[in-house]
Amino acid sequence: MGEFRGSADNPEHGDRTEWHQPHNRRGPDAEAAQLRVEPRSRAECAADLEQRAVSGWDQRPFRSLAGERLSGPSDDPLESARRFEPSRAGLPDPGDAATYLDARQPERPWLAAARNHPPEVQRLFAALDQGGGHAHIRHEGWVTEEMNRLRVARLEDPAQLDPAKREAGIDGFKPGGHLHHCRQTATRIADPDAFATAFAKGVEHPKVRAALEVTFDPDDKPRPVQVPIADLLGPDGHRYCTGWRLEPVDGSMAAARRSREAWLATPAEKRASNSNGPTARPVETFEGGVAVFVFGHNSRGDGYEVVTMYPRPPAYEH
């Protein structure tokens with residue numbers, strides 16, 4: 001897929017100009033070594049630093065919590081992922097998950113997030129990818145902080161793999177060139193193991209089970225369900241959740257969304273020269289927040305599945 005770049009008018013979120021411009025006289029070996037050391041663009045680095053400074057985002061591997069008690073009786077953070085049965089979430093059995101991920105990763109780059117992770121995590125990702133949902137595509141750790149910032153500020157959909165269409169705000173899933181929709185926050189669970197744990201434990205939650213097991217209606221679907229993040233990931237689990245929030249305009253979020261839509265309707269060449277485009281800032285905390293489970297018809301058309309799951313910050317962040 002194409003490289004995700006920041007805007008040319010914002011030095012804080014610039015691209016890798018120092019690595020790719022003709023005046024760079026370093027040899028190809030030196031350039032390759034630099035990219036191996038720091039594969040992120042300056043924009044991505046800046047977004048990561050801003051997120052850590054504001055929210056205290058925990059970048060330790062979620063599995064490092066082994067030995068620390070979570071919200072249940074076990075001290076194994078991946079126990080729920082090991083119990084996960086795709087059919088209970090309305091999803092197909094993925095078969096050989098490692099083979100599935102390896103075969104499809106080139107055209108579905110979000111699957112790379114599960115590489116080098118335990119088999120139960122790979123199995124959950126493969127099952128999700130065979131369903132009709134997008135939780136692992138828009139709300140998981142493969143989405144970088146810069147991608148999330150651009151999603152909420154400029155409606156650039158991480159699921160849209162065509163760089164030109166992404167920059168134009170075209171949705172990656174809806175056919176016919178529909179614009180991507182994002183309200184005022186874009187959020188993710190930043191660690192694949194934490195994401196798998198939250199999803200698997202959520203599917204076991206009584207409120208989610210009640211929604212998935214309701215009598216099927218082809219013309220209706222269950223209402224979204226909210227589960228406290230602490231119930232899924234433990235008392236410190238909120239530190240594995242990150243997000244960006246659209247900056248209000250004159251104190252109004254509705255005005256900010258209207259301004260964002262007007263900016264996106266401006267020709268691309270004028271947007272590039274406009275330094276007053278929409279802006280976003282990191283969500284300060286997800287402590288006290290919830291994971292939202294949204295349901296839809298499964299691919300067989302005989303039941304429901306979780307079509308997305310995303311962390312939502314506490315009410316005062318809205």
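A crossing of two helices is termed left-handed if the near helix is turned anticlockwise from the far one by less than a right angle. In the predicted model described here, α5 passes α6 in such a left-handed crossing. Helix α5 comprises residues 97–104, and its axis lies 8 Å from that of α6 at an angle of about 60 degrees. The two helices are therefore oblique to each other, because the roughly perpendicular class begins at 65 degrees. On the α5 side the contact is formed by Ala97, Ala98, Tyr100 and Leu101; α6 contributes Gln122, Arg123, Ala126, Asp129 and Gln130. By residue class, the contact of α5 with α6 contains 5 nonpolar, 2 polar and 2 charged residues.

Helix α6, residues 119–130, also packs against α10. The axes of α6 and α10 come within 10 Å and cross at roughly 65 degrees, which makes α6 roughly perpendicular to α10. This crossing, too, is left-handed. Val121, Leu124, Phe125 and Leu128 of α6 meet Pro192, Asp193, Phe195, Ala196, Phe199 and Ala200 of α10. The residues of the contact of α6 with α10 divide into 9 nonpolar and 1 charged, with no polar residue.

In soluble globular proteins, nonpolar side chains tend to be buried together. The largest nonpolar core of the model has 50 residues. Within this core, the residues with the most contacts are Phe84, Leu124, Phe195, Phe199, Phe293, Phe295 and Met309. Helix α10, residues 192–204, supplies the largest share of the core, 7 residues. A second, separate core has 13 residues, among them Val152, Ala153, Leu155 and Trp263.

The surroundings of Phe195 were examined individually. With residues up to four places away in sequence left out, Phe195 touches Leu124, Phe125, Leu128, Ala135, His136, His139, Glu140, Ile189 and Met309. Of these partners, Leu124, Phe125 and Leu128 belong to the α6 side of the contact with α10, and Leu124 and Met309 are listed with Phe195 among the core residues with the most contacts.

Ala230 lies in helix α12, which spans residues 229–233. The relative accessible area of Ala230 is 37%, so this residue is classed as partly exposed, the class between 20% and 50%. Ala230 and Glu287 are separated by 57 residues in sequence, whereas their C-alpha atoms are 8.1 Å apart in space.

Key: Residues are numbered from 1 along each chain as its sequence is written. This is a predicted model: local features need pLDDT of at least 70, side-chain atom pairs count only at pLDDT 80 or more; totals for chains, interfaces and linings use all residues. Side-chain values use heavy atoms; hydrogens and water are left out. A nonpolar core is a set of buried Ala, Val, Leu, Ile, Met, Phe, Trp, Tyr and Cys residues joined through side-chain atoms within 4.5 Å. Buried means under 20% relative accessible area, exposed over 50%, partly exposed in between (1.4 Å probe, protein chains only). Helices (H or I, at least four residues) and strands (E, at least two) are DSSP runs, numbered from the N terminus. Contact means heavy atoms within 4.5 Å. Axes are lines fitted to C-alpha atoms, for helices over the stretch in contact, and angles run from 0 to 180 degrees between N-to-C directions. Angles under 35 degrees count as roughly parallel, over 145 as roughly antiparallel, 65 to 115 as roughly perpendicular and the rest as oblique. Ala, Val, Leu, Ile, Met, Phe, Trp, Tyr, Cys and Pro count as nonpolar, Asp, Glu, Lys and Arg as charged, and the others, Gly among them, as polar.
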